[in-house]
Amino acid sequence: MKNAFLAPAGLLLISTLLMSSPASAGDWERLGSRKVNFVGDKDTIAVAAAEGRFDTIKLEVDKGDLEMYDVVVTFGDGSKFSPETRFNFDQGTNSRTIDLPGNARIIKKVEFLYRSKVRKGHAQLSLWGRHA
């Protein structure tokens, strides 16, 4: 009878430890976000808080519509990658996933050139990275 009570407690402990562990391969992590206004502009999301190496990124827009013309990813070693992009985001939508070149990379910052279609307030742009 004691074993019947120990098994669920053991599973609970294991699942709690797994949930509190660092991000593992294939997990998406929010790398940063910016509020963008309705004029054309250029902004940067610095990725200082994130740890690890990423093989893919994607962008998410909320609270407004956004037109993006250019994205430049700067890696930890200073090299840059600019995928061909021209995104038209409606509120609450994501970009396609953007595969990063080479092996998994540390991301230092991502710059983007955009024009928000919001006439009032700010759209919210979030950058996500997938752990390799």
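How much accessible surface does the protein chain have, and what share of it belongs to carbon and sulfur atoms? Show the surface in your viewer: it comes to about 8200 Å², and carbon and sulfur atoms account for 54% of that. Keep in mind on this tour that you are looking at a predicted model.

**Stop 1: the whole chain**

Of the 132 residues in the chain, 34% are buried. Now think about which parts of the chain meet.

**Stop 2: the largest nonpolar core**

In soluble globular proteins, nonpolar side chains tend to be buried together. To see this model's largest nonpolar core, select L59, L66, M68, V73, I107 and L127. Out of the 25 residues in that core, these touch the most other members. Next, colour the strands that each supply at least two residues of the core: β1 (28–36), β3 (54–62), β4 (66–75), β6 (87–89), β9 (107–116) and β10 (123–131). Which strand gives the largest share? That is β4, with five residues.

**Stop 3: a pair of rings**

Select F112 and Y114, and show their side chains. The structure holds one aromatic pair, and these two residues form it. A pair of aromatic rings is described by the distance of the centres and the angle of the planes. Here the centres are 5.7 Å apart and the planes make an angle of 40 degrees, so the pair counts as tilted, the class between under 30 and over 60 degrees. Are F112 and Y114 buried or exposed? Both F112 and Y114 are buried.

**Stop 4: charges over rings**

Now select K58 and W28. The charged end of K58 sits over the W28 ring, 4.4 Å from the ring's centre. Then move to R105 and F75. R105 lies over the face of F75, and the distance to the ring centre is 3.9 Å.

**Stop 5: a serine in a loop**

Finish at S95, in the loop between β7 (93–94) and β8 (98–99). Why does S95 count as buried? Its relative accessible area is 9%, and buried means under 20%. To see some of its surroundings, show K58, L59, F87 and F89. Leaving aside residues up to four places away in sequence, these are the residues S95 touches. You have already visited two of them: K58 sits over the ring of W28, and L59 belongs to the largest nonpolar core.

Methods: Residues numbered from 1 in each chain as written. Predicted model: local features only at pLDDT ≥ 70, side-chain atom pairs only at ≥ 80, totals over all residues. Heavy atoms only, no water. Helix = DSSP H or I, 4+ residues; strand = E, 2+ residues; numbered from the N terminus. Buried < 20%, exposed > 50% of the residue type's maximum accessible area, 1.4 Å probe, protein only. Contact = heavy atoms within 4.5 Å. Core = buried A, V, L, I, M, F, W, Y, C linked by side-chain atoms within 4.5 Å. Phe/Tyr/Trp six-rings, centres within 6.5 Å; stacked < 30°, edge-to-face > 60°. Lys NZ or Arg CZ within 6 Å of the ring centre and 35° of its normal. Areas by Shrake-Rupley, 256 points an atom, 1.4 Å probe, with all protein chains shown as cover.
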